Each structure stands twice: as structure tokens, then as C-alpha cells.
Amino acid sequence: MGESETMTLRERNKARARADIADTALRLFHDRGFEGVTVDEIVRAAGVSRRTFFRYFETKEDALLADYPELNTRLTETLEGSDSDEAMLAIRDGMHEMAKWYIDRSDAVLARSKVIRDTPINLAARNLEFLTQWEQAIANAVARQIGSDASDLLPRTAAAMIVAAFRAALTQWVRSSCGRSLHDLIDEALDLIEDGLHAPLSTRR
């Protein structure tokens with residue numbers, strides 16, 4: 001077996017160990033509440049050491065939100081690898097790539113949503129930090145398309161709107177207990193951004 005294959009196996013084992021710890025943490029958080037679970041209890045239930053836990057996660061919050069780095073990687077790679085000349089087409093592809101991840105893990109998504117909903121604001125703040133990474137990836141894509149800086153108003157505003165649309169679609173999906181199509185909800189939300197909200201809002205009474 002070559003070195004590259006050995007590294008691939010090592011990385012696969014690390015990913016599996018990280019996922020096992022995160023799954024254990026989520027189960028405990030869901031059953032007893034986020035604040036009712038300590039790191040010591042997580043590592044004991046997962047059968048690992050504190051050192052192993054902190055090798056993968058800096059905090060309990062990171063264990064709960066363990067999939068966010070992977071989601072950010074998927075989004076970034078989709079945006080950067082897109083052959084489309086239109087930023088919105090690449091962005092839609094990125095949103096749907098993340099949707100696949102959520103759909104495959106719908107039970108865990110529902111459990112985590114309950115934990116986040118029942119936990120004080122400090123957890124929501126950590127959640128927002130990860131969402132900011134998504135906004136940066138999208139702002140970079142928009143900036144490349146229009147030849148501007150990602151920190152300019154247009155890319156930042158577009159990115160904030162797109163992430164908000166994705167979150168709104170995700171919230172509707174969770175509220176339906178994952179019964180509706182997340183892909184359809186994402187397209188509907190992004191259509192509202194592309195087509196503009198003026199017409200639908202002006203017809204409401």
C-alpha cells in the first residue's frame with residue numbers, strides 16, 4: 001500500500017472517529033439538553049479520552065455543529081470548481097450540494113434543531129459564526145463574477161441574502177419534519193431573490 005493510500009485510510013478513520021463523537025454528543029444533547037451534558041460525559045459515552053475529543057472539537061458547541069466545516073468545504077469547492085459563467089447558477093449548485101448533506105442526515109438535523117431551539121443565545125452565536133463562512137464563500141464567487149472585491153457592498157449583500165434564503169428554506173423543511181422537498185424549497189427561495197420581492201410583496205394585503 002502506497003503512502004497516499006495510507007493517508008487516505010488515516011483520514012477516513014479520523015473522519016469516522018470525529019463523526020462517532022459528534023453522534024454521541026448529539027444523542028446526549030437531545031435527551032438531556034445542551035447545558036445538561038459535560039465533555040466528560042460525552043467522552044465516557046463515546047469511549048474516548050478528553051484528549052481525543054479536543055483533537056477534533058474545541059468546544060461542546062463545535063461537537064453539536066460538527067457538520068458545518070464539511071458543509072462549508074462542499075460549498076466552497078462547488079463554487080470554485082464551477083464552469084458556469086453565471087454566479088447564481090454556481091451558487092444554486094452549491095446550495096443543492098449542501099441540501100444533499102442535510103437530506104441524508106434528516107434525523108440528525110431534526111434532533112439538532114431541537115437542541116439549538118432549546119438552548120440559550122450563546123449557541124446561536126456560534127451557529128452564526130459558521131454561517132458567516134458560507135457568506136464569505138458566496139461573496140467570493142459573486143466578486144469573481146463581477147470583478148470586484150468580496151468585501152464590497154454588492155457581494156456582501158448578495159451573500160447575506162442567499163444564505164438567509166437557504167436558512168429560510170431549511171427552516172421550512174424542518175418545520176415540515178423533512179416532509180417537503182428541500183431542493184424545491186431552496187429553488188423557491190432563490191427564485192424570490194433573483195426575481196425580486198417587490199411584486200409578491202406589493203400584491204399582499
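**View 1. Phe53 and Phe57 are both buried, where buried means under 20% relative accessible area, exposed over 50% and partly exposed in between (1.4 Å probe, protein chains only).** The rings of Phe53 and Phe57 form a tilted aromatic pair, 5.6 Å centre to centre with 50° between the planes. Here, rings of Phe, Tyr and Trp (its six-membered ring) pair if their centres lie within 6.5 Å; planes under 30 degrees apart count as stacked, over 60 as edge-to-face and the rest as tilted. By this rule the structure has seven aromatic pairs.

A word on reading these views: this is a predicted model, in which local features need pLDDT of at least 70 and side-chain atom pairs count only at pLDDT 80 or more, while totals for chains, interfaces and linings use all residues. Residues are numbered from 1 along each chain as its sequence is written, and side-chain values use heavy atoms, with hydrogens and water left out.

View 2. Helices (H or I, at least four residues) and strands (E, at least two) are DSSP runs, numbered from the N terminus. Both Trp134 and Phe166 are buried. Look around them, too: ring pairs join Tyr68, Tyr102, Phe130, Trp134 and Phe166 into a cluster.

**View 3. Arg92 forms salt bridges with Asp191 and with Glu194.** A salt bridge is a side-chain nitrogen of Lys or Arg within 4 Å of a carboxyl oxygen of Asp or Glu. For Arg92 and Asp191, the N to O distance is 2.5 Å. That pair links distant parts of the chain: Arg92 belongs to helix H6 (residues 87-104) and Asp191 to helix H10 (residues 182-195), 99 residues apart. For Glu194 and Arg92, the closest N and O atoms are 2.7 Å apart. Glu194 is also in helix H10, and 102 residues separate it from Arg92 in helix H6. Arg92 is buried, at 13% relative accessible area, whereas Asp191 is partly exposed at 33% and Glu194 is partly exposed at 44%.

**View 4. Within helix H8 (residues 121-146), Arg126 and Glu129 lie three residues apart, about one turn of the helix.** These two side chains form a salt bridge, their closest N and O atoms being 2.5 Å apart. Arg126 is partly exposed, with a relative accessible area of 22%, and Glu129 is partly exposed as well, at 44%. The structure holds 13 salt bridges. Elsewhere, salt bridges link Glu70, Arg74, Glu97 and Lys100 in a network.

**View 5. Charged side chains sit over the rings of Phe34 and Trp101.** A charge sits over a ring if NZ of Lys or CZ of Arg is within 6 Å of the ring centre and within 35 degrees of the ring normal. The charged end of Lys60 is 4.3 Å from the centre of the Phe34 ring. Over the face of Trp101 you will find Arg105, at 3.5 Å from the ring centre.

**View 6. Helix H2 (residues 39-46) has Val39, Ile42 and Val43 as buried residues.** Seen down the axis of H2, its buried residues fall within an arc of 90°, so they line one face of the helix. The arc is that of the directions from the helix axis to the C-beta atoms. Just after H2 comes Gly47, with a positive phi of about 75°.
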